[in-house]
Amino acid sequence: MSNEFMGKTAIISGAAGGIGLAIAEALAEQGMNIAMADIDKAALIASGEALQAKGYNVITCSLDVTDYSQWEDVVANAQDKFGKVHMVVNNAGVGGASGKIEDAEHETWRWVMDVNVTGVLYGAQACIPVIKSHGEGGWVLNVASMAGMMGMPYATAYCASKAAVVSMTESWIPELEPHHIHTSVLCPAFVKTRIHESYRNRQEKYAIAPDKRIDKEKLKAGANAAAMAVESGIPTEMLAKRVIEALSSKQHYIFTHPHYRKVAMGRFKAIEEAFVDAEESPVVGHLIDEDIITF
Ligand SMILES: NC(=O)c1ccc[n+]([C@@H]2O[C@H](COP(=O)([O-])OP(=O)(O)OC[C@H]3O[C@@H](n4cnc5c(N)ncnc54)[C@H](O)[C@@H]3O)[C@@H](O)[C@H]2O)c1
């Protein structure tokens, strides 16, 4: 077997279970060395041992993605063990809580944004210099969600964080292309994992003072709906196979649920109609022939 992944090294955050673990196994099957990183040490060690028992080149590294110095340690460990680093999979993410705008707990918002957005920035910042340094090129794979392609009522923090990951990826694609680093964003709809139980790994620094806690009953309906949707999701193995397929064909947007196309198209149609409205506007319509400024 020979392929573009063979003998190269990937660092994967949130690799102790769910989507991260499935991607770790799929990339290991392609012949990659894997540095599995996660905040859940017990689950990480068990998953790492399971992959090692299958004969894969795997190390495990403790990582809270919101702590930049821990990212630096993971990169150093991967380099010590495998030499070069070629890929980062920014997968670790949390679901937060569903609820009304006025019921959004500030500490929960901070937790979701720190893990889902800042964690992705930190992963890229720590890994991109070492990927650039060897000149062989590589990959950045950011795990967003279909939630990054559409707003959903009662899921503000999660949708906002995933839209940010889509946007970060779109900014990095042209920035990293000259360095032969292929950047993609994975946007699955529901996948059968433990994302609806994300609070199991919530860090102490995001604890909510008792007087600031929202009545659990208010959040219950959203939590139940999220659990049912995740339980009905596709298996992680199917998703991981799709990721290998799409990385191999150099996709920038990786979709795993083709029937959700109409959701994205509905959004683009509304945006298209709003632009037509602006073109027809007596106030700004005359700008239609101006140059587009980007940098
Ligand atoms: N399951 C779905 O339906 C679905 C759909 C779209 C996108 N996603 C995204 O997929 C990614 C993986 O989630 P999953 O569904 O496998 O959930 P999961 O809860 O099964 O796995 C998430 C992993 O991330 C780890 N993690 C959590 N906080 C961390 C932190 N601060 N630092 C390091 N690791 C941390 C957890 O310990 C866990 O191993 C997330 O970014 C999620 O938003 C999931």
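1. A polar contact here is a pair of N or O atoms within 3.5 Å; within protein, one atom must be able to donate a hydrogen and the other to accept it, and residues adjacent in sequence count only if both atoms are side-chain atoms. With that in hand, let's start at the ligand. An N or O atom in the side chain of Asn201 is 2.8 Å from a ligand oxygen atom. For Tyr158, the distance from a side-chain N or O atom to an oxygen atom of the ligand is 2.6 Å. Asp38 also places a polar side-chain atom 2.6 Å from an oxygen atom of the ligand.

2. A word on what you are looking at. This is a predicted model, in which local features need pLDDT of at least 70 and side-chain atom pairs count only at pLDDT 80 or more, while totals for chains, interfaces and linings use all residues. Residues are numbered from 1 along each chain as its sequence is written, and side-chain values use heavy atoms, with hydrogens and water left out.

3. How much of the ligand's accessible area does the protein cover? The protein covers 97% of the 830 Å² that the ligand has on its own; such areas come from the Shrake-Rupley method with a 1.4 Å probe, and for residues only the protein chains shown count as cover. The ligand is surrounded by 31 residues, the closest being Asp38, Asn91, Tyr158, Thr193 and Asn201 (a residue is near a molecule or strand if one of its heavy atoms lies within 4 Å of it). Helix H1 (18-29) and H5 are the elements that give two or more residues to this shell. Helices (H or I, at least four residues) and strands (E, at least two) are DSSP runs, numbered from the N terminus.

4. Buried means under 20% relative accessible area, exposed over 50%, and partly exposed in between (1.4 Å probe, protein chains only). Setting aside residues up to four places away in sequence, Asn91 touches Ser13, Gly14, Ile19, Gly20 and Val143, where contact means heavy atoms within 4.5 Å.

5. Now for helix H4, which holds Asn116. Is Asn116 buried or exposed? Asn116 is buried, at 1% relative accessibility. Its side chain reaches the backbone nitrogen of Val94 at 2.8 Å. Beyond neighbours within four places in sequence, Asn116 is in contact with Gly93, Val94, Tyr158, Ser161, Lys162 and Val165.

6. Thr108 is also found in helix H4, and at 6% relative accessibility it counts as buried. The side chains of Thr108 and Glu105 make a polar contact at 2.9 Å. Leaving aside neighbours within four places in sequence, Thr108 is in contact with Gly96, Ala97, Arg202 and Ile208.

7. On to the interior. In soluble globular proteins, nonpolar side chains tend to be buried together. A nonpolar core is a set of buried Ala, Val, Leu, Ile, Met, Phe, Trp, Tyr and Cys residues joined through side-chain atoms within 4.5 Å. The largest one here has 43 residues, and Ile11, Trp71, Cys127, Val140 and Trp172 touch the most other members. Two or more residues each come from strand E2 (33-38), strand E3 (58-62), H3, H4, helix H5 (156-176) and strand E6 (181-187). Which element gives the most? That is H4, with 12 residues. A second, separate core has 34 residues, including Phe5, Ala26, Val89 and Leu186.

8. A search of the whole structure finds three aromatic pairs. In one of them, the ring centres of Tyr68 and Tyr122 are 5.4 Å apart and the planes lie at 75°, so the pair is edge-to-face. Rings of Phe, Tyr and Trp (its six-membered ring) pair if their centres lie within 6.5 Å; planes under 30 degrees apart count as stacked, over 60 as edge-to-face and the rest as tilted. This pair links distant parts of the chain, with Tyr68 in helix H3 (residues 68-82) and Tyr122 in helix H4 (residues 106-134), 54 residues apart. Tyr68 is partly exposed at 27%, and Tyr122 is partly exposed at 22%.

9. Finally, two backbone details to check. His180, in the loop between H5 and E6, has a positive phi of about 60° although it is not a glycine. His180 counts as exposed, at 60% relative accessibility. Lys250 has a positive phi of about 60° too, and is not a glycine. Lys250 lies in the loop between helix H7 (236-248) and strand E7 (253-255) and is partly exposed at 45%.
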